[in-house]
Amino acid sequence: MSSSKQPASTSFKAPDSSRLQLDEQGQLHHFLTTEGLSKETLTEIMDVAESFSSVGHQAVKKVPVLRGKTIVNLFFENSTRTRTTFDLAAKRLSADVINLNIATSATSKGESILDTIRNLEAMQADMFVVRHSDSGAAHFIARHVEPHVSVINAGDGSHAHPTQAMLDMFTIRRVKKEFKHLKVAIIGDILHSRVARSQIHALNTLEVKEVRVIAPKTLLPSDVNSLGVHVYGDLRTGLDDVDVVIMLRLQRERMGAALLPSEHEYFECFGLTEEKLAYAKPDVTVMHPGPINRGVEMEAAVADGANSVILQQVTNGIAIRMAVMTLTLGQNKVVKG
């Protein structure tokens, strides 16, 4: 990748340094990955989210923290749920929001990503929320924006989805209160999951007792043993004495790659049922980033059961994204008063 402002192609190198996320004072300026961030930074994000958690219950669901700021949602990859929560979060902070339709934008007509960014910067944009199918896209944009502009990674390839990971951490903290005694199991397509990678980094930074990944060998990355996790190939064994279970979406497009024989066989071996969940602790918390493939990743009785906090995750996602927008734009002092 050329370091010039007009690269020859739109392919992206793998991200190299999380220091890109922090300003000279060590404060969050971009939010691109949970990897490399301190426990104090992750905790601050959750603390600020806690201060915003009641906004949705107010008669007027707005606070003036980002009034006058312009936030652009750049979604090069479809995601109704994530884009909607970012849109809601920005509007609840009183920011002006632009949702760029990539399918009809100049980018689809051959304009480079950086040309698109430059034009939006000329319109005095303050933040880009970026979702892209290529790993490293958000990092690439963050390296090339003007110094006053912040970039949030809303999911890039199989690399990272940091706000999803943080809303999961926030949900765990609200239910379990603290992290240090927890055993957390992540189940499913670890290989292709940007959510799983971001969760693993965050959980280890927050010093949980143990992180487990449970998956068939074909859905485990080759470097899984370097991620600070314990690997299990059997669901019942992996669930033993677990406090939190995070299910991952099984992407049906992986079936064509011969990584799994069938959805039915996957459910038989790795689908979460009430019978299998009984191997975990009685007060186990069940999570899923959504959307759920019922009867593939878990049965309806688990998804809708007393241990499930899946809908709470959706609600918490708005508060977390409000927090990240506030902190990256340097408005945390407004929140703290």
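Predicted model: local features only at pLDDT ≥ 70, side-chain atom pairs only at ≥ 80, totals over all residues.
Where is Pro 291 found? Pro 291 lies in the loop between S9 and helix H10 (300-303).

As background, most peptide bonds are trans, and most residues other than glycine have a negative phi. Two further residues are worth a look on that second count. Lys 177, in the loop between H5 and S5, has a positive phi near 80 degrees although it is not a glycine. Asp 241 also has a positive phi, near 65 degrees, and is likewise a residue other than glycine; its place is the loop between helix H7 (235-239) and S8. As for solvent, Lys 177 is exposed at a relative accessible area of 62%, while Asp 241 is partly exposed at 31%.

**The sheet**

Now to the strands. An open sheet is built from 5 strands in the order S7-S6-S5-S8-S9, with parallel pairing. Strand S7 (230-232) and strand S9 (285-287) are at the edges with a single partner strand each, so one side of each has no neighbour in the sheet. On average, neighbouring strands are turned by 20 degrees against each other, direction ignored. Helix H5 (residues 162-176) packs on this sheet, where it touches strand S8 (244-247) and S9, and its direction makes about 160 degrees with that of S9.

| Strands | Pairing | Bridges | A facing pair |
|---|---|---|---|
| S5 and S6 | parallel | 5 | Val 184 and Val 211 |
| S5 and S8 | parallel | 4 | Ile 187 and Met 247 |
| S8 and S9 | parallel | 3 | Ile 246 and Met 287 |

On the H1 side the contact is made by Leu 42, Thr 43, Ile 45, Met 46, Asp 47, Ala 49 and Glu 50, and on the H5 side by Met 166, Met 169, Phe 170, Arg 173 and Arg 174. By class, these residues are 7 nonpolar, 1 polar and 4 charged.

How do H2 and H11 meet, and at roughly what angle do their axes cross? The axes of helix H2 (residues 80-92) and helix H11 (residues 310-328) come within 8 Å and cross at roughly 55 degrees, which means that H2 is oblique to H11. The crossing is right-handed. H2 brings Arg 81, Thr 82, Thr 85, Phe 86, Leu 88, Ala 89, Ala 90 and Arg 92 to the contact, and H11 brings Val 314, Ile 318, Arg 321, Met 322 and Met 325. This contact of H2 with H11 has 8 nonpolar, 2 polar and 3 charged residues.

Notes
Residues numbered from 1 in each chain as written. Heavy atoms only, no water. Axes fitted to C-alpha atoms, helices over the stretch in contact; angles between N-to-C directions. Helix = DSSP H or I, 4+ residues; strand = E, 2+ residues; numbered from the N terminus. Parallel < 35°, antiparallel > 145°, perpendicular 65-115°, else oblique. Left-handed = near helix turned anticlockwise from the far one by under 90°. Contact = heavy atoms within 4.5 Å. Nonpolar A, V, L, I, M, F, W, Y, C, P; charged D, E, K, R; others polar. Pairing = 2+ DSSP bridges. Buried < 20%, exposed > 50% of the residue type's maximum accessible area, 1.4 Å probe, protein only.
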